[in-house]
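Here's a quick tour of how this model is put together. Have a look at the structure first, then read on.

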Amino acid sequence: MNTTIIENGIKAKQFDSVNGRFGEFGGMYVPPVLESKLLNLANVFEEETKKKDFEDEFIHYLKTFVGRPSPLYYASNLSRLVGSRIYLKREDLNHTGSHKINNTIGQILLAKRMGATEIVAETGAGQHGVATATAAALFGMKCKIFMGARDAERQKMNVSRIKLLGAEMVLTHEGRGTLKDAVDAALGYYIEHPDVFYLLGSQVGPHPYPTMVGYFQSIIGKEAKKQVMEAEGRLPDNILACIGGGSNAIGLFTEFLYDAKVAIHAAEGGGEGAVLGKTAATLSLGKPGVFQGTFSYALSDENGEVYPTQSIAAGLDYPGISPQHALLKEMKRANYHLITDAEAIDAFKILSSLEGIIPAIESSHAVALAMKLLKGKEKEISIINLSGRGDKDVERDLM
Ligand SMILES: *Cc1c(COP(=O)(O)O)cnc(C)c1O
């Protein structure tokens, strides 16, 4: 590994994956039937993403189908309220309404090149389910989406969208009926049908998913860096994102990881507060362990038994986390904060009425963190990743 020190003690490539590991985190903890499949997928990913025609095809769909680049918007009303200078990276304006589509397009292009005909995926808030069903429709592939029954109840609009897009919805009534249970069900199906393509939606699970998802989402930060340089002529002081599994956050962060002066902050779904069983703040309150195919942090006890999680945001309601974020936490390169349901609901209302932008309840956690962290920091420039739009949340009783 190259150990050139770039700035402030940060070494080149120290946060990147090496053979599926981010430091000690990551890896591939799966049954043997999946191991050869995943190793093959890792090779295909590595080979294809080196090719110019793959990159061209990816960018083509991001531009013409997704609507990228997404704008970097100076939120003047929010900035005035907080007393700082705040930009929003508008992932909410992407086709299908969140950042999930970036990764979905990338993975389905790999699936197509591998000759896959059936796609399976899990979904929490339904955004990844919608993005996957959309990509499957685009490329004429069969699609099956696993979703927890409780999540389906609280994100009804997305269930209807997934069905309309022609995918099959499989509700799981196991556990608490949330994202963890959907991942278990989707992984179970994959183990029984290893010839399907499992299109994982966040920066979690076994290698190569965390590396792949991080790669496809990094378009967010690449655009944001260029846009903030154009607008301000310098790098931001802070970048912020909400974090469930870690994909929108790493998407923004990757391009800035080696810019030591840029402070990095993420908002976890804190639920009712810092009490195990009533929160989903995995990096704030969890500890290292193997969970759903990877070695990272998890909200689990000494015996590896996973605690129930709670967050008002279905997309953050998950007891696991990305192995790369686990490394960023341990290296103190990024800071992870617990944001409660109540704080997120406040921010949801404030951004809507103040700025004319209805954020997803997940993204509202990042806005809430910004409101706490940036108060009165007049000279500082910050970027919040607005990971998705809140249409799916307006009919819920959040007020
Ligand atoms: C899925 C989702 C999240 C959480 O997932 P990450 O992988 O942590 O980004 C956040 N915001 C929105 C809008 C989502 O759909």
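Which backbone N or O atom lies 3.1 Å from an oxygen atom of the ligand? That one belongs to Gly-245. Bear in mind that this is a predicted model, where local features need pLDDT of at least 70, side-chain atom pairs count only at pLDDT 80 or more, and totals for chains, interfaces and linings use all residues. Residues are numbered from 1 along each chain as its sequence is written, and side-chain values use heavy atoms, with hydrogens and water left out.

| Side chain | Distance to a ligand oxygen |
|---|---|
| Lys-100 | 2.8 Å |
| Ser-202 | 2.6 Å |

Now for the domains, whose bounds come from an automatic or database domain assignment. Domain 1 covers 21-62 + 99-214, and domain 2 covers 69-97 + 219-394. Their contact (heavy atoms within 4.5 Å) takes 42 residues from domain 1 and 44 residues from domain 2.

There is one salt bridge between domain 1 and domain 2, a salt bridge being a side-chain nitrogen of Lys or Arg within 4 Å of a carboxyl oxygen of Asp or Glu. Arg-154 pairs up with Asp-317 in a salt bridge, with the closest N and O atoms 2.8 Å apart.

Methods:
Polar contact = N/O pair within 3.5 Å; in protein donor to acceptor, adjacent residues only side chain to side chain.
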